[in-house]
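Biologist: I would like to go through this model with you, one local feature at a time. Could we begin once it is on the screen?

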Amino acid sequence: MEFRVLRGGLSRAAAVVALAAALATGSTGLLPVEEAHAAPAAEGTFGFSGDEGDYISLGQSYAYDTASEDHLNVYANADNSVVSLSVDGANGDWWSLNLAAPSGSALAPGTYAGATRHPFNEPSEPGLSLDGNGRGCNTLTGTFTIEEVEFGPLGYVKTLDATFEQHCEGDVAAARGEVHIDSPAPPAALDLGLAVALEGTASTLNGKATLHGSVSCNKPVRVDVAGDVTQVKKRKLIRGSYGTVVTCVPGAPVAWSAKAVPTGDVPFQRGDVEVEARATAIDPDYDQSVSAAETVAVHLTRG
């Protein structure tokens, strides 16, 4: 039996995270941050302190550690130019840190001087923002240094060692801190394969077209297989849709079969049809949609 096979590609979805920060001198409104899939750091620490008069720190010191049941979630944007850290402290504290390279370049080891408030920094400038516990800056200046950073696919951040200094509203007083993230090597991205058999059947009883094929994957996932069938017979256009769900596990391809119901009163018949096939699944490690698609000619026999 003959098949056509297509390997899957990744369709990335972009989202916006909004944090409301109330300020002593005004309101920042919403702070949009580019988001991929935020992954909990396996091991990590985050801490900062500030001068007397610094609005973010209130002149105090803060320290968080995954070993103390503080939750540190970290992710990068699509081109690894921005790393975002969210901190949920076991004591109820919450903080957000964003470090951004100038537009068009990925974050790399080095010092980024002249940073302004992310995400409103000019494309040619680095961006920085530390906010949380209901406090944030309207404007800021600062600098940060990336000692080490290592990325994986789809926003995964394996390693991050960085220090930063932030001044709100042009004040001399500053908040200074550091972050250390160490996570395991990133899981492989989901690779989804779709095969469509080049032969199917047209039922003489109900006019449905039965199609089949297989899907393959490199990690266990639920796969939605769906598509459309089109046939032209005696100048009449016959159309129908089909869909099914299969559980895919790594190893041998997993078979699928589905019936397309004609939308009108003309049944599918013996002969060639055009089949559009789509397979879609969610990568469980990165919470991203992965799909494979193909359009093939399938020959229907009587069934």
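Biologist: In the hairpin of β19 and β20, which residue takes a positive phi?

Modeller: This is a predicted model, in which local features need pLDDT of at least 70 and side-chain atom pairs count only at pLDDT 80 or more, while totals for chains, interfaces and linings use all residues. Residues are numbered from 1 along each chain as its sequence is written, and side-chain values use heavy atoms, with hydrogens and water left out. Strands here are DSSP runs of E with at least two residues, numbered from the N terminus, and two of them pair if DSSP finds at least two bridges between them. The hairpin has six residues between its strands, and the one with a positive phi, near 75 degrees, is Gly-207.

Biologist: Is Thr-145 buried or exposed, and with which side chain does its own side chain make a polar contact?

Modeller: Thr-145 lies in strand β15 (residues 140-151). Buried means under 20% relative accessible area, exposed over 50% and partly exposed in between, with a 1.4 Å probe and protein chains only, and Thr-145, at 18%, counts as buried. A polar contact is a pair of N or O atoms within 3.5 Å, where within protein one must be able to donate a hydrogen and the other to accept it, and residues adjacent in sequence count only if both atoms are side-chain atoms. At 3.0 Å, the side chain that makes this contact with Thr-145 is that of Thr-111.

Biologist: How many disulfides does the rule give?

Modeller: A disulfide is a pair of cysteine sulfur atoms within 2.5 Å. One joins Cys-137 to Cys-168, S to S 1.7 Å, and another joins Cys-217 to Cys-248, S to S 2.2 Å. The count comes to two.

Biologist: Why is the disulfide of Cys-217 and Cys-248 left-handed?

Modeller: Cys-217 is buried at 9% relative accessible area, and Cys-248 is buried at 0%. The disulfide is left-handed because the torsion about its S-S bond is about -110 degrees.

Notes: Helices (H or I, at least four residues) and strands (E, at least two) are DSSP runs, numbered from the N terminus.
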